[in-house]
Amino acid sequence: MAKTVVFVTNQYSCDRIIYAARIVAEETQTELNIIEILDSEYELNPEAIDYLYNLAKQVGATMRIVFTGDKLAVMRETIAQYDCSAVVTGMPSSHKSVLYDLWKQYPQKQFHAVDASGELVDVASNRYATA
């Protein structure tokens, strides 16, 4: 079955990304897989991790937690391993975000970003592939 992959961190506010990704998975009739990437950017928050894990169960998703120093490598490996058709993330936090590199590398994937209010934004990844 085709998959929708979601990348989150260990923040409570990532629930909006999971809810939005559930919509993408339903619309595309894909399996929902959540990857929680933990690194030194955010302080480890066990309560938020537990909250997001329980939310993943509620929305019928699987969730994997990955500790890493290289977010981009984990994202690349996951996209390749899961052979996903759609990828959902939060919005890039700066112009140096690893998301821009990801979009360039996989122009054939359907990327969606979720803004702070929970709105889904389709990423025109083909535009970034030629930039």
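A: Start with Thr89. Leaving out residues up to four places away in sequence, Thr89 touches Phe7, Ile17, Leu99, His112, Ala113 and Val114. Touching, or contact, means heavy atoms within 4.5 Å. Residues are numbered from 1 along each chain as its sequence is written, and side-chain values use heavy atoms, with hydrogens and water left out. This is a predicted model: local features need pLDDT of at least 70, side-chain atom pairs count only at pLDDT 80 or more, and totals for chains, interfaces and linings use all residues.

Where does Thr89 sit? Its place is strand β4, residues 86-90. Helices (H or I, at least four residues) and strands (E, at least two) are DSSP runs, numbered from the N terminus. Thr89 counts as buried because its relative accessibility is 2%. Buried means under 20% relative accessible area, exposed over 50%, and partly exposed in between, with a 1.4 Å probe and protein chains only.

Thr89 and Cys14 are 75 residues apart in sequence, but 9.1 Å apart in space, C-alpha to C-alpha. Cys14 belongs to the loop between β1 (3-8) and α1. Cys14 is buried, at a relative accessible area of 4%. Beyond four places in sequence, Cys14 touches Val8, Thr9 and Leu52.

A disulfide is a pair of cysteine sulfur atoms within 2.5 Å. For Cys14, the closest cysteine sulfur is in Cys84, 18 Å away, so the two are too far apart for a bond. Cys84 is also buried, at 2% relative accessibility.

The phi of Asp83 is positive, about 45 degrees, although Asp83 is not a glycine. Asp83 lies in the loop between α3 (71-82) and β4. Asp83 is exposed, with a relative accessible area of 57%. Gln29 is another residue other than glycine with a positive phi, near 50 degrees. Its loop runs between α1 and β2 (31-38). Gln29 counts as exposed, at 64%.

Next, turn to strand β1, which holds Thr4. Thr4 is buried, with a relative accessible area of 0%. Beyond four places in sequence, the contacts of Thr4 include Ala21, Val24, Leu32, Ala86 and Val88. Glu31 is also one of the contacts of Thr4.

That residue brings in charge pairs. The whole structure has three salt bridges. A salt bridge is a side-chain nitrogen of Lys or Arg within 4 Å of a carboxyl oxygen of Asp or Glu. Lys3 pairs with Glu31, and their closest N and O atoms are 3.9 Å apart. This pair links distant parts of the chain: Lys3 is in strand β1 and Glu31 in strand β2, 28 residues apart. Glu31 is partly exposed, at 30% relative accessibility.

Glu26 and Arg22 form another salt bridge, with the closest N and O atoms 3.4 Å apart. Both lie in helix α1, four residues apart, about one turn of the helix. Glu26 is exposed, at 52%, whereas Arg22 is buried, at 19%.

Lys71 and Asp39 also meet, at 3.6 Å from N to O. Lys71 is in helix α3 and Asp39 in the loop between β2 and α2 (46-58), so this bridge ties together parts 32 residues apart in sequence. Lys71 is partly exposed, at 22%. Asp39 is buried, at 19%.

Helix α1 (residues 15-28) also holds Tyr19. Tyr19 is partly exposed, with a relative accessible area of 43%. Together with Tyr12 and Tyr51, Tyr19 forms a nonpolar surface patch with about 300 Å² of accessible area.

Last, how confident is the predictor? The protein averages a pLDDT of 90, and 95% of the residues score at least 70. pLDDT is the predictor's confidence in each residue, from 0 to 100. Confidence is highest in β1, at a mean of 97, and lowest in helix α5 (residues 125-129), at a mean of 46. Over residues 125-131 pLDDT stays under 50. The model has twelve contacts beyond four places in sequence for those residues.

How values were computed:
Patches are made of residues with over 30% relative accessible area and no salt bridge: like charges are joined within 9 Å, nonpolar side chains (Val, Leu, Ile, Met, Phe, Trp, Tyr) within 5 Å. Accessible areas come from the Shrake-Rupley method with a 1.4 Å probe; for residues, only the protein chains shown count as cover.
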